[in-house]
Amino acid sequence: MPLCHDRQQVRREACRVAGIREQDVTDFRIVRQSVDARHKGDIKYSYTVDLGIKKELKYNRRSRRVQEIIPVTYRPVVSGSIPAVSPIAVIGSGPAGLFCAYLLAKNGYRPVLLERGKCVEERQADVARFWSGDKLLPESNVQFGEGGAGTFSDGKLNTLVKDKAGRNRFVLETFAAFGAPEEILYVNKPHIGTDVLRTVIINMRNEIVRLGGSIFFSSKVTDLIIEDGRLAALRIGNENRMHVSAAVLAIGHSARDTFAMLEKRGAAMEPKPFAVGLRVEHPQAMIDRNQYGMEADLSLLPTASYKLTHHAANGRSVYTFCMCPGGYVINASSEEGRLAVNGMSLHARDSGNANSAVIVSVTPEDFPDPSDPLSGAAFQRELEERAYRVGRGRIPQQRFGDFEADPDNDAFRTGGEAADSPADYDSHTSGNESGSPIVYVSRTRGEAADADLRELFPAPVREALIEGMHAFSEKIDRFDRPDAILSAVESRTSSPVRITRDDSFQSNIRGLYPCGEGAGYAGGIMSAAMDGLKTAEALMACYKPG
């Protein structure tokens, strides 16, 4: 379809392609919408649609663009026979825990959801105060609290997980039913935005309670009570004990204290590869013009994004991650004296800057002790301590031109005015006809400070980051511009451990079900939510509703 069109025109064109009269269509649904920008001078929207028709009607069977399908509906089965004499607990209310608890509640299990942090309304206020300069609260921050780390993100809902059971569609439909825009059901790269996501989380919470579930905030699980190799109860805080039939461990990728407790209790764990690096910011107008062309009507197109990869000469993989169009770099710390950053976008994606993590793969061989399951977390902590130190407690930032320069060279500079660089994209979109460079500033949530980021990383990681930035400029012009703004440190890309589970989804501690991103089985909102559904299915195959 051309850029300017409406839903009725999409329906009409689909009927023409399928060889069906419009009046014979009983159902019409947009399945996928994407932007085809391969030809910058002729950008189009591409659609896949479902047309419902009566069986006896003929359609264009010869066209490769038309095929008959049988829609997949997610139908989890309740087949368990073991009575749940005590509650089934779900530890953590990120997407994995939230969807696990929701599916259990829908099927009559009355789960108990335990969250170490606060409800999203109180958590949001705590985070806003922290970003304004107040003290970090270890149990209420960007990592911990209702909704998990994804609550303060772009709210991306795309995943590479293959799904024949319909879980992906179920998750999207659930989000839409609880307040997300309908477009997430069909756009190619759906996102909710942190502002809308909070409303969705509140609505899901209320529905879990309405269905018979219970939710307890500020209820950190501090220990496991194990009897004969099986989980018998949970210790909550310092004194409270809750007997459980089973517990889902959906603790998120930053629950380092819980990882330590699990190791102490003998849960089988192993170190896991992940990636570390920096956040890079560019003017969003520059990304839009690179992706769509100088003459494109941006009012008819979504804010542009990108995904880039490079294999560095030293063998490291370099790639962009969690790209936030029109977003903000945020202070995502959760431990005193350590600093981590992440990206976040509102639904409108209108901050004026694009930001993305540029990260480099690290493996257990890079960690202090490759055999120690918690060595990856120690590696993260060391990076975050350096970032806190060089930024003096604030988000440390530096321009890319300074990051790659020799600090002994006169050209090395931290702070001051932006480096001169061609401003074709900036001037074209900002009304600056002089062609002079435009100074753009970082868009952050949390205080920032000029710093030297070179000392943060081991040499192989730093070298791969610099090489990757230049390689990405072959795909996006001037990605490596000297005044590109870098923020550190991006260290929470995924969990540093995997809590092993068997085919029944249980740990070696029977009755304990590791789940989601924190357990090492997901990466992002969608895959975590889908793993939460799978874990609920495993419980429903074992226990009967009580």
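Q: What percentage of the contacts in the protein with a separation of 6 or more is accounted for by residues 24 or more positions apart?
A: This is a predicted model, in which local features need pLDDT of at least 70 and side-chain atom pairs count only at pLDDT 80 or more, while totals for chains, interfaces and linings use all residues. Residues are numbered from 1 along each chain as its sequence is written, and side-chain values use heavy atoms, with hydrogens and water left out. A contact means heavy atoms within 4.5 Å. Among contacts with a separation of 6 or more, the share from residues 24 or more positions apart is 72%.

Q: Why does the radius of gyration of the protein agree with that of a compact globule?
A: The radius is taken over C-alpha atoms, and the globule rule is 2.2 Å times the number of residues to the power 0.38. Because a compact globule of 546 residues would come near 24 Å, there is agreement with the protein's value of 25 Å.

Q: What percentage of the 546 residues is buried?
A: Buried means under 20% relative accessible area, with a 1.4 Å probe and protein chains only. Of the 546 residues in the protein, the buried ones make up 55%.

Q: Which residue in β19 is the bridge partner of Val 329?
A: Strand β15, residues 328-331, pairs with β19 in the parallel sense over two bridges. The partner of Val 329 in β19 is Thr 444.

Terms used:
Buried < 20%, exposed > 50% of the residue type's maximum accessible area, 1.4 Å probe, protein only. Pairing = 2+ DSSP bridges. Helix = DSSP H or I, 4+ residues; strand = E, 2+ residues; numbered from the N terminus.
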